[in-house]
Amino acid sequence: MTEIFLDGRYIGGTKEPEKLVKDLRDKRRTGLLSNQLNVAFHKHMDEIKILTDSGRVRRPLIIIENGKPKITKEHIEKLHKGEITWEDLLKTGIVEYMDAEEEENAYVALRESELTNEHTHLELDPSTILGLSASFIPYPEFNRGDRVNYGAKMVGQSIGIFATNYLLRADTKSNVMVYTQKPLVQTHTHTIINYDNHPNGANVVVAIGCYEGYNMEDGIVINANSIQRGLLWSYMYRTYEAEQKRYMGGQEDVIGIPQAGIRGYGGEDTYKHLPEDGIINPEHRVESDEVLIGRISPLRFLGTMDQFITGVENIRETSVRLRHGDDGTVDRIFLSETIDGTKLIKVVIRDLKIPEIGDKLASRHGQKGVIALIVPQEDMPFTEDGVIPDIIFNPHGIPSRMTMGQLLELLAGKVSSLSGKYIVAPAFNPVPEKELRDKLKSHGFMNDGKETMYDGRTGKKFTAQIFIGNCFYQKLDHLVSNKIHARSRGPVTLLTKQPTEGRSKEGGLRLGEMEKDCLIAHGASLVLKERFDSDKTLVSICSECGLVAIFDKIKNRKYCTVCGETKIIDIEMSYAFKLMLDELKAMMIYPKVVMKEV
Amino acid sequence: MSEVLQTNYSDELPKRILEEIEKVAKEKRLKKNEAEKLTEEVKRRYFVSKFEPGDAIGIIAAQSISEPATQMTMRTYHFAGTAGIKVTYGLPRLIEIFDAKKDPETPMMTIYLKKQFNNAEQAKKMAEEIVEKDVSNLVSNVSLNLNENAIELNVFDKRRMSAIIKVVKEVFTDLKVREKDHTIAFITKDVQDIKELQKLKEKILGIHVSGIKDIMNAVVRREADDWIINTIGSNLEKILTIDEIDGGRTITNDIHETMQVLGVEAARNLVIGEALKTMQEQGLDVDIRHVMLVGDIMTFKGAVMSIGRYGVAGGKTSILARAAFEETIKHLVRASIRNEVDEFKGIFENVMIGQVIPSGTGMFDLIAKFDE
């Protein structure tokens, strides 16, 4: 008896499992059962699994009968004309959706030419083996596998138009590219997912060569004039929020310009650009740490006794400020309400990000790089026709990574730009290299894509011919302007008196354990001491009991509160160590500091 | 000339270097003043390459070993499809050595034979002899005869039958024995239960018959003029008692075993040798002196210590340095109960409180004191 499970629950048994499964599938194909139902017969376990629940990943396949696909030329023609739809194919049992369980019973052919009588299904296209991001890559089968992987990863990081309604949205952080383009060399996926509405990069002319060593180690040399024409510009939007919270006891936040005298008041200049309602105006240029929304909040605790007696309100300034290190322009403001009915203000700041040295760019073949030099157009090399590349790509990036797909894309891009037609090169079924070469030749170019080029600075002809073509480049969401950071002096944390951590807090750069070891290994003891004295303090220690003494300002003398001793010695130590001594004391451990004259 | 060298430089250069210079001088037929010049140059270079007082040799050794070891992480574990005996090597083995693990994952021995036995025949014979065999290794089939309360063993080799009976009899004296063809039957009276019979069967199968305990496999290999027996499993003490074996060269890779049998000096040499071998196998070139320092540190107290909480790092004199490393509370509480004093003589604790460390340029103080 074969056991039958419906969505994992046992519901009965059958003696003819194969017939049952066949019947169920036939009924599904004729539309009697839902097409979301999947059946699988596991022979080795002797059980049938019927699945109808949500969360199964399924993909469409063409049904094969007697070695022939059920889809015919007429179907495809009708589809093209719009007489039938995908739904009709599904209802009439020409295609069906397969889930992971039913897949165990299927024998799927990748291509029509491979079909035999045993096959049960046919893949719509071999390139369906790839996921969404990977299927954006043209000529992927010419790349080493890991490069396709990296490429797919970087497609996900690229800046483009992530949603067509981005002007109505208030994402915490988002990037939108200004002049996007559709790739000249594309795949079917670009058409299927409506890529025109959310593109993610631009076509650039890439010459493979060197430029004074500036494109070593994945550096990118980029044409300054191309940038000025708007190549790869983008806006970064960041949303700041302020809520007018209500507190217990009827108190609530006040949004407006804070009055002088309130705790945390930043001075008159801080608020002078705010209109009366305390919310900044659109199109106002703001800089780092500037106030966007003025606000005051009641404190959680009651104030001191005299504050209470005099009736001074215990409030504090809690204005929303622009992130440290950011600047931009106020783009739009949303006024709304939260679920609790409190006032909610969202201010969206826009900042133009023009490609600059340090920004990360990548092609679709896992070939990423950082802009290392921006060269004026007149200093860039040019071809006989006067074509000046946008990017100079270092040839050393090719042999070890073996991204032949990139080279083919350059070739295909060149053909595309010459013929004015997009080249479609999906996985396993691209326009062949020979065709590209022939077309290039017919346009009067060398069939290997190389061209004679001249040095823009001297006008001299290069001895070597240079491979030049068009390639789709993406700007990745790793922009220097969001990351650049340095500090000489700055804020320290309250507890340890050591420098703060992180760019947003203007933090220090840590000299870590291993770096410390290097200084020791070099015997640079005094350098080491200087590097680690960011929190050094003078601590008065009682010479008798070895505990921290105090300084009486009125009597102008130091004495020990524990033993009354007046022979107090100031010693230098790191504040963190003094803190540790205090913590030990809190744990009932008596850390006695024994001092010796040096 | 040699006398001149010996007398003039014996205080300044090690004997071995002097001997080497002498050898070269003889070979190249150097004149006396030329030899003198050579020695001067050697002396200069010798002193240049010497560590200076205050150099942090420990840190340098640690860095010199661990930097290449980071590359090892990426290389190990990735030998797809290699058939054969599983051996711990690469980073796991290196960790095993420095952690001074009590039982190495793959104990192994390299056995050399004495000159007169150093041939293929002897080696093969020896390899066969030393492999540990218990009853189960010699038996093809075991069955329980419930009628007679007997355990019947089918033996591969008829010649071994007497040996098996002998050893089993030694352990279980009251068993009755019946021999027939290739079968031995052990009949028992006191056992009634199948379960207990089963237990008895396991016990009998586990009885040691021949060979040396723990030696699980032995392979003969030829290396230059030597016939070497490589074994899986290690038992240095027993192996060394065999006459044919060249005890001077025979080694195991078990550090603790070496320590017990041959002493701490041998253990030190083994630590150095194994660590160096492991790294060289991975193509990492680490200077032996760094590894020697590690070997010294691990053994200088007379027993093998691990590099870690319970060994070298746990043995630091400074309370703060120990507390900062691992088990903070344990060290602090213990120190406070015992009224311990931290002398602040080490590196770590001085970095902690922000003082100049007693190493490198910070090692030296003005000794002379002037009156004010």
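This is a predicted model: local features need pLDDT of at least 70, side-chain atom pairs count only at pLDDT 80 or more; totals for chains, interfaces and linings use all residues.

**A hairpin, a helix and several salt bridges**

Let me start with a hairpin in chain A: β3(A) and β4(A) form it with four residues between them, and in the turn D46(A) has a positive phi of about 55 degrees. N38(A) has L51(A) as its bridge partner in β4(A). Strand β3(A) is mostly covered, with five of its five residues buried. N38(A), A40(A) and H42(A) point one way, V39(A) and F41(A) point the other way, and all are buried.

I turn next to an open sheet in chain A, made of three strands in the order β15-β18-β19 with antiparallel pairing. β15 (254-255) and β19 (315-317) stand at the edges with a single partner strand each, so one side of each is left without a neighbour in the sheet. Strand β18 (residues 295-298) is joined to β19(A) by three bridges, and S297(A) stands opposite R316(A).

Now to helix α13 of chain A, residues 575-586. Its twelve residues reach 17 Å from the first C-alpha to the last, close to the 16 Å expected at 1.5 Å a residue. Which of its residues are buried? They are Y575(A), F577(A), K578(A), L579(A), L581(A) and L584(A). These buried residues pack against elements of both chains: β31 (536-542) and β34 (568-574) of chain A, together with α14 (319-325), α15 (328-337) and α16 (347-353) of chain B. After the helix comes M588(A), with a positive phi near 65 degrees.

Let me move to charged pairs. Over all chains, a search of the whole structure finds 61 salt bridges. One of them joins R238(A) and D326(A), with the closest N and O atoms 2.9 Å apart. This pair links distant parts of the chain, 88 residues apart: R238(A) lies in strand β14 (residues 234-243), and D326(A) in the loop between β20 (320-321) and β21 (328-337). R238(A) counts as buried because its relative accessible area is 12%, and D326(A) is buried at 8%.

A further salt bridge is formed by D331(A) and R350(A), at 2.4 Å from N to O. D331(A) is in strand β21 and R350(A) in strand β22 of chain A, so the pair ties together parts that are 19 residues apart in sequence. D331(A) is buried at 16% relative accessibility, and R350(A) is buried at 15%.

The side chains of E572(A) and K529(A) also meet in a salt bridge, at 3.4 Å from N to O. Here strand β34 is tied to helix α12 (residues 525-531), parts 43 residues apart in sequence. E572(A) is partly exposed, at 35% relative accessibility. Salt bridges that share partners also join R25(A), R28(A), R29(A), E96(A) and E102(A) into one network.

Finally, the surface. V178(A), Y179(A), L352(A) and I354(A) make a nonpolar patch of about 320 Å². I354(A) sits in the loop between β22 (343-353) and β23 (360-362), and is partly exposed with a relative accessible area of 34%. By contrast, Q406(A) in helix α9 (residues 404-419) is buried, at 0% relative accessibility. Among the residues that Q406(A) touches are N143(A), H365(A) and Y473(A).

Note on methods
Residues are numbered from 1 along each chain as its sequence is written. Chains are lettered from A and ligands numbered from 1 in the order in which they are written. Side-chain values use heavy atoms; hydrogens and water are left out. Patches are made of residues with over 30% relative accessible area and no salt bridge: like charges are joined within 9 Å, nonpolar side chains (Val, Leu, Ile, Met, Phe, Trp, Tyr) within 5 Å. Accessible areas come from the Shrake-Rupley method with a 1.4 Å probe; for residues, only the protein chains shown count as cover. A salt bridge is a side-chain nitrogen of Lys or Arg within 4 Å of a carboxyl oxygen of Asp or Glu. Helices (H or I, at least four residues) and strands (E, at least two) are DSSP runs, numbered from the N terminus. Buried means under 20% relative accessible area, exposed over 50%, partly exposed in between (1.4 Å probe, protein chains only). The expected span of a helix is 1.5 Å times one less than its number of residues. Contact means heavy atoms within 4.5 Å. Two strands pair if DSSP finds at least two bridges between them. Lists of a residue's contacts leave out its neighbours within four places in sequence.
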